[in-house]
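Visitor: Could you walk me through the charged pairs in this one? I'm new to it.

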Amino acid sequence: MTDRLPTGATIGILGGGQLGRMLAMAAARLGYRCHIYEPGAAPAADVAHAWTQAPYEDLGALRDFARSCDLITYEFENIPAASLDVLAETTPLFPDRRALEISQDRLTEKTFLAGLGLATAPFAPVDTPADLAAALAATATPAILKTRRFGYDGKGQARVMAPDEAEAALATLQGAPAIAEGFVRFSREISVIAARGRDGTVAAYDPGENVHVDGILSTTTVPAALPLLQRTDAVLVASRILTALDYVGVMGVELFVTPQGLVVNEIAPRVHNSGHWTQAGCAVDQFEQHIRAIAGWPLGNGERHANVVMENLVGEEVTRAPALAAEPGVQIHLYGKTETRPGRKMGHVNRVTGPA
Ligand code: AMP
C-alpha cells in the first residue's frame, strides 16, 4: 500500500485513552473516520465514529474490528501477539509488529538499541533470583530492576542501592521476568519525537526536556537547555532508530543526557506524552504527523515556531484548568475523563513562552 489513504476511509486505533482521542481528532481533520478498540473506558470513543468495547484477547471481536478498518494503528504497546496475527489477516498495521514487539520487552529493546551502536545503560536479564549476582556484576550498583514487560510511568521498577538489597527488590516484582539496568547519572532527561513516512522520509521535532514527579511526566520544555550540537545528536539518534526499523509513524525516543553523551532509555512506538507541546509549537503536531505518516501523506517538517512548556494535569490538578485558561498564551486540553483519580492523567496545558 503506497497510495494515500482516500478521504472517508476508516483508521482503527487500538487503545481508547487520551492519545487515541487526540489521534482521532487529527484524523478527522484529514477527512478520516476512526474506529476505537478499547476494553475499558474510552475517552477516544467520544470523538470517534465507532467503538468496539472488547478484551484484546477476544479474537472474534478483533477480526470484526479489523474488517471494518482500512488500516490500523495503536496508542499503547501491550497488544498480545495472537491478536496481532488476527488483525494481520485482513488489515495493515502501522507501525508494524516488529517495532511493537521490540518495544514490548525491555530486554529485546535494549539489545536492539545496543546492536545499533547506541549507548544504553549497562543491562542484564534477571529471570530468577539465581541470576541476580551475575546481573549486578554486569551492571554494578546502584541499579534498577524493571519488569521486562508491562511497565509504564515508573511502575514495575525497584531500585537496588547495594547487592544485599537485590533479592528483596526483585521480590517486589512478583516473579515477573526482569532486567537489571545500571543507574545512569544523568543531568537531564530529554525526548525526541520523530516520524517516518511510508516513503522513508524522516522528520523530527526539537528535543524536549522532561521532568517527572513520582514517576509520571510532569512538564516538557522546548527548547531543551542543551548545546545545539547535542540537540542535533539526539535527533540523529532517533532517526537512526526509525530507519533501522523501517518504521512508519511517530515514535517517542527517551534519552538521558550525561557527561559522556546521550544514553537511550527507551522507545515508544506511538505518539508520546512528551510530544504534546507540538500542538502549540508546530504547524503540524505529533498527532497529525502520525496520521499523515500512516496514511501516506507528506510529513510536516517538524519546524518549531514557538517556545513551549507543556504541563500535565494529573489527578486533582485538573481543577486548575479554568484558572490556567485565564492566562494569556495557554492552550487547554482536557481528556473528558469523568472520574478523577490520583496519578491519572486528566489533561494538559501548553504554555507558549515566546517565539522560537
Ligand atoms: P522508564 O520506565 O524506563 O522510562 O523509567 C522511568 C524513570 O526512571 C525515567 O524517566 C528515569 O527518571 C528513571 N530511570 C529509568 N531507568 C534509569 C536508569 N537506568 N538510570 C537512572 N534513572 C533511570
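Visitor: Is Arg320 buried, exposed or partly exposed?

Guide: In this predicted model, Arg320 is partly exposed, with a relative accessible area of 32%, where buried means under 20%, exposed over 50% and partly exposed in between, computed with a 1.4 Å probe on protein chains only. Local features need pLDDT of at least 70 and side-chain atom pairs count only at pLDDT 80 or more, whereas totals for chains, interfaces and linings use all residues. Residues are numbered from 1 along each chain as its sequence is written, and side-chain values use heavy atoms, with hydrogens and water left out.

Visitor: And which residue does Arg320 form a salt bridge with?

Guide: Its partner is Glu311, with the closest N and O atoms 3.1 Å apart; a salt bridge here is a side-chain nitrogen of Lys or Arg within 4 Å of a carboxyl oxygen of Asp or Glu. Glu311 counts as buried, at 16% relative accessibility.

Visitor: New topic: what does Arg106 pair with?

Guide: Arg106 forms a salt bridge with Glu266, their closest N and O atoms being 3.0 Å apart. Because Arg106 lies in helix H5 (residues 106–115) and Glu266 in strand S14 (residues 261–268), the pair ties together parts that are 160 residues apart in sequence; helices (H or I, at least four residues) and strands (E, at least two) are DSSP runs, numbered from the N terminus.

Visitor: How many salt bridges are there?

Guide: The structure holds 19 salt bridges.
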